[in-house]
Amino acid sequence: MPVKKKTPLNLIMNGLFNENPIFRLALSMCPAVGISTTLMNGFLLGIAVLFVQVASSCTVSLIKNYIHPKIRIPIYSLVIATWVTVIDLTLSAYFPTAYKAVGIFIKLIVTFSIILMRLEVFASREPLIPSFWDGFGMGLGFMFGMMTLGFIREFLGAGTIFGHQILPSRPLLFFILPVAGFFCVGFMMAVYNWVEFTYKRIKEKRMGT
Amino acid sequence: MRWKKFFLFLFLFLFTKAYPSSFVMKSSFLGKDKIFVLFAGPVDKKIAEDKGNYYIYEKPDPDIPLRIKEISLSEDRRSLTISFYEELNQHVPHVVHIKNLISEGRKIGPVVFSVKKSYAGFLLAILIGAMLVHNFVFTKYLGLCVFFGTSRRKSTAIGMGITFTIVMVCSAMISWFLYHYVLVPLHLQFFQVVMFIGIVSLIVQAVDIILRKINPYLFKAFGIYLMLVLANCVILAVPLLIVVNNYNALEAFIFSLGAGLGYFIALFLMSCVREKLELANVPPSYRGLSIAFITAGLFGLAFMGFSGMSIF
């Protein structure tokens, strides 16, 4: 569903639901599968991606007139890499323990296709303010997806939330396995599809009567 | 006759090379934190199990002795197991210095020998490890976006696999040389992410422009996959892992080759299954990517069978 008006609210809702990077566009799946085992991991990576997305969207939107179209992709990835280095050094200085768990994935934000795709599709054509909100929405959507997965896997797998014990036992230990990420994402996608189908069916019924 | 003598000398040469100290018949790593030693004759238990009697270090840094946890001698007093507090870095040879040993009342004196793995076996272990045991798609969960995008047909899977392997090896080698001869001397290691991704994107762009002019037919076959290589996490993860693991040039080459081939294998397996899945009767909300993810999860469970496997 394309967005008609580019108001901030529309752009953010677009990032959260219609074009959710993880469940709808199926881009940047690697962290969603690999390290969404706890809510904290999801939160940390979500913050990092939000920052990188907003910063590089703004940068590209500012310098878009000076980039030669033939070499735009290398330029975009260099811009992203610069901001990733910034957030990488910052996180490793301020959150050393959590940084260790997330490991190599912070550096790999450079190659998340969601960021490159938003730069190519949106920021290289639009002025600064809408680019900022689009980047913000996409980053929030990614964070929302990561935290949902992290919540499901941590709650069902270990019975804890943010490390605090909530359930007395571990209901489904399977979810803490790294492989369960694939199943979790698959089921979440099915849920999103199902919601869309039902929504459409209700709408059609209403139009019919 | 001459050949027989030659082989005899060769055999003797190899034998003496492998076991420089004649009293030590065999030495090897055992598990993650143990060293196993086999002596030619029974040794005195009291002296052999004394920790102060040993000085063990990694060959590059002789000043740092490794802390010994326990030394145990077997029943026949010929084989010795030395266990350590920390895990041993088995990629470097370890030197074991025993100050004195007594065998059946006969003094052997100081014994020095080194414990190491065979290098060809180590290279093979890197290759198989990157390809199957730590497969980048199914056990490290990297490069998934491109993986699900290009595994719909067998033909696209093969095209992507070949392009990816070639770009992977080239970029990993160039990154290795630039990292070790430019960034390390200048103390600019924090710059690695920018440099690695810059190299990859420049290679991709250059190949794109050159191939378009020189061989349009080849470009038609593989050109569309070139840009996808750039959005693949594995292409950045491999140089970073090479830096973390401190591989030399040959090991880096083998590792990147293994990563590329592993990706190829994963793509091919997945595309075979997904071609069949299109004919299957799947519930509507699971159709498309959702069922593909669940299939990948099953593959991941299967690849877990490789985990913990160590070769050589």
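The buried residues of α6(B) are B:Q192, B:V193, B:M195, B:F196, B:I197, B:I199, B:V200, B:S201, B:I203 and B:V204, where buried means that 20 or more other C-beta atoms, placed from the backbone, lie within 10 Å of the residue's own. Helices here are DSSP runs of H or I with at least four residues, strands are runs of E with at least two, and both are numbered from the N terminus. The cover over the buried residues of α6(B) includes α4 (72–94) of chain A as well as α5 (154–186), α7 and α8 of chain B. With 23 residues, α6(B) reaches 32 Å from its first C-alpha to its last, close to the 33 Å expected at 1.5 Å a residue, the expected span being 1.5 Å times one less than the number of residues.

This is a predicted model, in which local features need pLDDT of at least 70 and side-chain atom pairs count only at pLDDT 80 or more, while totals for chains, interfaces and linings use all residues. Residues are numbered from 1 along each chain as its sequence is written, and chains are lettered from A and ligands numbered from 1 in the order in which they are written.

Turning to the interface, 35 residues from chain B and 37 residues from chain A take part in the contact, two residues being in contact if their C-beta atoms, placed from the backbone, lie within 7 Å. On the side of chain B that touches chain A, two or more residues each come from α4 (144–150), α6 (192–214), α7 (216–230), α8 (233–245) and α10 (289–303) of chain B. The most come from α10(B), with eight residues. This side of chain B divides into 26 nonpolar, nine polar and no charged residues; Ala, Val, Leu, Ile, Met, Phe, Trp, Tyr, Cys and Pro count as nonpolar, Asp, Glu, Lys and Arg as charged, and the others, Gly among them, as polar.

As for the chains themselves, chain B holds 10 helices and nine strands. Its domain assignment, automatic or from a database, gives domain 1 (20–117) and domain 2 (120–306), and 42 Å separate the centres of these two domains of chain B over C-alpha atoms. The radius of gyration of chain B is 26 Å, whereas a compact globule of 312 residues would have one near 20 Å; the radius is taken over C-alpha atoms, and the globule rule is 2.2 Å times the number of residues to the power 0.38.

Chain A has eight helices and two strands. The radius of gyration of chain A, 18 Å, is close to the 17 Å that the globule rule gives for 209 residues, so chain A is as compact as a globular protein of that length.

Methods: A residue is buried if 20 or more other C-beta atoms lie within 10 Å of its own, exposed if 12 or fewer, and partly exposed in between; C-beta atoms are placed from the backbone.
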